[in-house]
Structures are given as structure tokens and as C-alpha cells.
There are 2 protein chains.
Amino acid sequence: MSTLRVVALSGGVGGAKLLRGFYRALPPDSLAAIVNTGDDFAHLGLRICPDIDTALYTLGDLANAVQGWGRRDETWTFMRVLKELGGESWFALGDGDLALHVARTLRLAQGENLSAIIGDFARSFGIAAQILPMSDDAIATRVVTEAGELAFQDYFVRLHCGPKLKSLHFAGADTATLLPAARAALVARELEAIVIAPSNPYLSIDPILAVPGMRNALKAAAVPVIAVTPVPGGKAVKGPTAKIMGELGIAVTGRSVAEHYRGLIDGILLDESDRSVAHDLDIPVEFADTLMPDAAGSERVANAVLAFARKLGGQNRGGTLE
Amino acid sequence: MSTLRVVALSGGVGGAKLLRGFYRALPPDSLAAIVNTGDDFAHLGLRICPDIDTALYTLGDLANAVQGWGRRDETWTFMRVLKELGGESWFALGDGDLALHVARTLRLAQGENLSAIIGDFARSFGIAAQILPMSDDAIATRVVTEAGELAFQDYFVRLHCGPKLKSLHFAGADTATLLPAARAALVARELEAIVIAPSNPYLSIDPILAVPGMRNALKAAAVPVIAVTPVPGGKAVKGPTAKIMGELGIAVTGRSVAEHYRGLIDGILLDESDRSVAHDLDIPVEFADTLMPDAAGSERVANAVLAFARKLGGQNRGGTLE
């Protein structure tokens with residue numbers, strides 16, 4: 001019998017903080033994360049999956065909280081020598097991080113699916129939650145900017161999101177197959193909520209929603225679909241969400257995020273500081289302190305989402321919440 | 001005008017010690033090393049060239065002298081995480097070492113020749129000597145043992161040379177092309193000596209000699225070809241040379257090494273402790289302390305080879321020796 005109680009759609013750091021909250025608030029096999037792979041890219045001949053690896057490191061308690069990405073207790077000898085050799089150094093790869101990329105690249109070349117590899121990595125790190133790539137098919141987020149169309153990591157890391165963004169598209173999404181385990185998770189019997197994590201709606205969540213079947217699966221969900229704002233108080237906690245919303249001509253508010261997900265969500269969790277922008281919004285709203293500076297903060301937000309889900313849907317079949 | 005004065009055929013650690021000697025004893029652009037690539041292999045999806053990298057690290061003053069292989073100031077985070085992920089860990093790859101393998105693999109996949117890549121690596125490390133793979137074509141040393149036929153590194157590292165050796169062959173050698181730069185080095189105008197370094201004759205030098213044209217180039221050389229014994233006093237300094245000679249039914253002596261190279265060499269430098277086995281040998285012999293425990297020792301042996309070459313051939317055109 002499935003033990004799944006929460007499915008969360010997530011990008012990188014911001015989303016992973018909420019994943020950590022559910023992972024702590026519930027029994028560890030209660031969570032499935034459907035993670036964006038639109039940021040994945042080939043670099044130095046290696047397949048790198050930034051958002052998935054952030055989920056692995058966060059739930060495996062291996063993340064570098066200070067740096068905001070990568071592993072803690074990391075060394076950087078590889079990068080130092082690579083620079084000496086004149087190799088590309090704009091994307092920082094720690095020595096331990098590299099092990100994932102090398103092992104993944106080898107196994108992909110041997111014909112294994114990304115999802116199977118990530119499942120093994122998660123088990124190796126002692127993670128009982130499911131970390132699911134949105135698809136085993138390659139989907140590449142492409143960023144159309146005033147400086148031309150860019151591959152995602154060129155835009156995001158190499159150019160530090162500098163060029164003004166005009167639009168995004170997700171190459172390969174049309175023909176990709178939603179990961180069967182993700183599809184199954186969304187209809188799991190004991191499910192209480194589907195959560196859109198506080199990741200960048202345009203860069204991190206839209207690629208997931210672009211996989212055929214994903215939007216319909218959310219619309220057809222038997223449990224409440226709840227988004228958590230990535231711009232509490234009209235500011236991005238980290239990263240370019242606010243900058244991008246500005247460039248797209250969208251007001252940087254939780255209300256804009258709710259509008260962005262209209263038709264897919266049953267409610268949105270906004271920050272206490274967002275009460276003024278939620279006036280008259282015809283999508284159910286709940287307010288909480290949505291900042292997650294530490295594990296306790298993550299757990300607090302996760303519990304706020306679970307309480308909101310119960311209130312919205314009465315979908316708590318298990319009755320064992322809290 | 002060529003400044004080359006010495007060309008040395010070399011395998012890994014033992015050979016690299018003598019390379020270091022010539023590199024110190026002569027102006028730094030006086031040396032070309034033709035290095036064995038029969039040990040090269042694909043591991044974890046990466047192309048690894050153990051003997052070439054040992055030459056790079058040794059001449060770049062980056063080698064780990066205590067360990068006898070790899071880099072000094074190395075870290076091991078990659079291997080630690082790779083083991084956690086269940087990856088193959090029998091071949092130890094340091095974090096800095098890994099940069100060479102990743103950069104090389106990428107550039108090979110992009111269609112570059114190994115020799116061009118190694119030339120760039122050598123320049124990056126500030127090495128003025130030429131480090132030349134024997135060929136840009138793949139040649140794989142195969143070890144026929146009582147436990148069946150094995151790939152070289154399976155035999156050498158994974159199985160610690162355990163299975164009794166019966167014979168060796170060099171897959172791909174028949175159709176390989178001797179590196180043009182190596183061929184040119186062997187006829188360089190200012191050349192004083194061609195040296196067969198004290199590497200394992202069967203595992204490290206025979207693959208080089210198996211490249212079509214190599215034996216004839218040595219036979220046709222205008223300068224003395226001098227071997228240096230890898231078994232001073234009938235013992236291998238390091239590695240399985242003595243074990244292998246025993247398994248092949250060959251007496252572990254410098255005389256056996258001279259016989260092995262008969263027809264190719266004009267002389268052999270044996271150790272002071274080898275005088276008894278050289279009696280009646282009809283190949284010119286010189287004796288010296290051939291141990292190279294440190295840089296000064298390497299330089300001492302290099303100078304002994306150069307003096308031997310002068311004595312044998314009077315080929316010292318430059319007149320600037322010492």
C-alpha cells in the first residue's frame with residue numbers, strides 16, 4: 001500500500017527547503033518530489049541535473065546551507081586543476097558533487113533511465129522520500145532574451161541572469177512522457193495534498209507543467225493542489241524570480257503567482273506580509289510565515305500547507321496528521 | 001632548429017624518474033619522451049592514460065613521490081562519494097587527477113588527437129619537454145594469464161598482478177601509426193641518445209616497440225640506443241617486473257633485459273651490483289648506481305647515460321654536455 005501523503009512539484013533551492021519540511025513533518029516515505037529537469041545540461045561531457053541534485057543533497061542532509069547550492073564538506077581540487085588546464089570554469093563543480101555527475105553520465109550512457117539512477121542515488125544517501133525527475137526524456141529550458149536565445153545554464157549561471165528575459169520555452173517537452181512514477185504518485189490512495197513548491201514559477205515550475213499530462217493530472221487531482229508563494233512580501237528569497245517577473249511585466253506579488261497557476265490550484269499559501277495584495281482574489285488563500293531560514297522554518301511551512309489542505313478538501317483520509 | 005638531445009621511451013613511474021633526470025641535466029627543451037599508451041583505458045566513462053599522466057606529473061613537479069603515483073596535494077572527496085553511490089572504486093582517482101581525465105575525455109570526444117591534448121596539458125603545467133603518446137591510435141595491452149585474458153588495468157590494478165602471466169599482446173598495434181612527432185624526434189639533428197628507460201620491458205616498453213616503424217626507427221638511429229636496467233641487482237625497484245620475468249621463465253637479471261632488447265640497443269646501463277651477470281655479454285655495458293630515490297639520483301643516472309652515449313658513438317655534436 002502506498003504511504004504517500006504529499007506530492008510536491010519542485011525546482012532547486014527554494015523548493016527543496018519545503019521538501020525538507022514535509023520530509024521532517026511526516027514519516028519519511030510520505031513524500032514524493034516531482035523535480036524540474038529543464039535545467040539539466042551537458043557540461044564537460046557530464047550530465048548535470050542541478051535541481052534533482054539539490055533535492056538529493058537537501059533530503060540527504062548533505063547540502064551546503066551557507067552557499068545555497070552544492071554539498072557541505074566539499075573540496076574544490078578538481079576545479080583548481082581544471083582551470084590550470086584551461087577548462088571551462090564558469091560552472092563550479094565540487095569534488096564530491098562530481099561523483100554524482102560522473103556516475104550518472106556513465107549509467108545514462110549504458111542505457112539506464114535517469115529516474116532509476118536517481119532512485120539509486122537517493123537510496124545511497126539514505127533518503128526514504130521519492131525524488132522523481134519529471135520525465136526520463138530530455139527537456140531543455142530555453143531562455144529568449146534581448147541578447148538572443150540562450151541555453152538555461154548559460155543564462156542562469158554563466159550570465160548571472162543578466163540579459164533581459166522575453167520568454168521561455170521547453171525544448172522536447174511536447175514529445176516527453178511524464179514519468180510513470182510521478183503520474184502514479186499524483187493519484188496515490190493516501191494522498192493529502194499536491195503542492196507547488198515556492199520555486200520560480202517560470203524557470204522551475206513551468207517546465208514541469210509543460211510535460212504532457214501534467215496539467216490535466218493537477219486539474220483531475222482528488223486532493224487539494226496548493227501553491228506556496230516564492231515571493232513573500234513581493235521579494236524573491238533568493239534568485240531571479242522578482243527580476244524575471246519585472247522583465248515579463250508582471251507585478252511581483254503573491255497574487256500574480258496565484259493568477260499564474262489559475263485553473264491548476266485549489267489554494268495558495270501566501271506570506272503574512274502579503275495580506276494587502278490578496279484582497280478580492282477569487283482563489284482560496286491562507287497566510288503564514290513562509291520564510292524557511294532553517295529546518296524548523298521548513299517544517300512550519302509544511303505544516304501550514306497540510307493544515308490548509310485539510311481545511312480545503314477534508315481529504316485527510318489517514319487521520320494521523322501531526 | 002631542433003633543440004632535442006635525448007629521446008626516451010618510457011612507461012610509468014620507473015621511466016618517469018629517468019625522464020626527470022634528463023629534464024634536470026639538460027636544458028628543459030632537450031627531452032622528448034615517447035610514452036606507452038597500452039595501459040590507457042576507459043573507466044567510469046573517462047579516458048585514463050596512467051603512464052602519460054605520470055610523466056606529466058613528474059616533469060611538472062606535481063607527482064606524489066611518497067605514494068609513487070598520482071598528484072601531491074591531492075584530495076579524495078570524489079572517491080569517497082563515488083563509493084557511497086556504489087560506483088567502481090578499485091581504481092583510485094584523486095580529485096585533481098580527475099580534472100585531466102575529464103578534460104581529456106571531453107576533448108577526445110570533440111575529435112582532438114590525444115597528442116595535441118597532452119601537448120596542451122604539458123604547456124599548462126609549464127613543462128618544456130615533449131611528452132608524446134606513442135600513437136594517437138588506440139592500442140590496448142592485453143594480458144594472457146592462467147586466469148584467462150585480461151585488460152591491462154584489470155590485471156595490474158584490480159587484481160594486483162596476481163594471476164600468473166603467460167603472454168602479452170597489444171590489440172590495435174598492427175594498424176596503429178607511430179606518432180609523427182615521435183618519428184621526427186628519433187631523427188632530430190642534435191640528438192645525442194635514444195634511451196629505453198628502466199620501465200617494465202614487457203608491460204611498458206614492448207607496447208611502444210609494437211607500434212609499426214618503431215623497431216626500424218631504433219635500428220636505423222644515427223645515435224646510440226641505450227637501455228637502462230629496470231632490475232638492478234636482479235630486483236625490480238617497484239612493480240611486478242621481477243615477478244613477471246619469473247613467470248615467463250626468464251632469469252631476473254640485467255643480462256636478460258639486454259637480451260630482450262638485442263638488435264635494438266647499442267648498449268645497456270646496468271647497476272654496479274650487476275657486474276657478475278654481465279660477464280661475456282656481447283652488448284656493450286656500462287655500470288653505474290642506477291637507483292633514483294630522489295631528483296639528484298635521477299640526474300646522476302641521466303648523466304651516466306649521456307656519458308655512455310658519448311663513449312659509444314661520439315655523437316655529441318653540440319659539445320655542450322655538462
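**View 1. A three-stranded open sheet in chain A of this predicted model.** The strands run in the order 7-6-8, and their pairing is antiparallel. On average, neighbouring strands here are turned by 25° against each other, if you ignore direction.

**View 2. Strand 6 against strand 8 in chain A.** Zooming in on this pair, strand 6 (residues 140–145) of chain A and strand 8 of chain A are joined in the antiparallel sense over six bridges. For a handy landmark, look for Arg142(A), which stands opposite His169(A) of strand 8 of chain A. As a reminder, strands of a sheet pair through backbone hydrogen bonds, either parallel or antiparallel.

**View 3. Helix 8 of chain A, tucked in.** Helix 8 (residues 201–209) of chain A has eight of its nine residues buried, so it is largely enclosed by the rest of the structure. The buried ones are Pro201(A), Tyr202(A), Leu203(A), Ser204(A), Ile205(A), Asp206(A), Pro207(A) and Ile208(A).

**View 4. Helix 1 crossing helix 12 in chain B.** Helix 1 (residues 13–25) of chain B packs on helix 12 (residues 295–313) of chain B at an angle of about 75°, and their axes are 7 Å apart. Helix 1 of chain B and helix 12 of chain B are therefore roughly perpendicular to each other. On the helix 1 side of chain B, the residues that meet helix 12 include Lys17(B), Leu18(B), Arg20(B) and Phe22(B). From helix 12 of chain B, the contact takes in Ala295(B), Ser298(B), Glu299(B), Val301(B), Ala302(B), Asn303(B) and Leu306(B). By type, the residues of this helix 1–helix 12 contact in chain B split into seven nonpolar, three polar and four charged.

**View 5. Where chain A meets chain B.** Each chain puts residues into this contact: 26 from chain A and 26 from chain B. On the chain A side, the elements giving two or more residues are helix 3 (77–84), helix 4 (95–109) and helix 5 (114–124) of chain A. Helix 4 of chain A has the largest share, at 10 residues. Sorted by type, the chain A side has 13 nonpolar, eight polar and five charged residues.

**View 6. Around the axis relating chains A and B.** Turn chain A by 180°, with a shift of 0.0 Å along the axis, and it can be laid on chain B with an RMSD of 0.0 Å. That is the relation of a two-fold axis. In chain A, the C-alpha nearest the axis belongs to Asp95(A), 3.0 Å from it. Both copies use the same surface, with 100% of the contact residues of chain A recurring in chain B.

Key: Residues are numbered from 1 along each chain as its sequence is written. Chains are lettered from A and ligands numbered from 1 in the order in which they are written. This is a predicted model: local features need pLDDT of at least 70, side-chain atom pairs count only at pLDDT 80 or more; totals for chains, interfaces and linings use all residues. Two residues are in contact if their C-beta atoms, placed from the backbone, lie within 7 Å. Helices (H or I, at least four residues) and strands (E, at least two) are DSSP runs, numbered from the N terminus. Ala, Val, Leu, Ile, Met, Phe, Trp, Tyr, Cys and Pro count as nonpolar, Asp, Glu, Lys and Arg as charged, and the others, Gly among them, as polar. Copies are superposed by least squares on the C-alpha atoms of residues with pLDDT of at least 70 in both. Axes are lines fitted to C-alpha atoms, for helices over the stretch in contact, and angles run from 0 to 180 degrees between N-to-C directions. Angles under 35 degrees count as roughly parallel, over 145 as roughly antiparallel, 65 to 115 as roughly perpendicular and the rest as oblique. A residue is buried if 20 or more other C-beta atoms lie within 10 Å of its own, exposed if 12 or fewer, and partly exposed in between; C-beta atoms are placed from the backbone. Two strands pair if DSSP finds at least two bridges between them.
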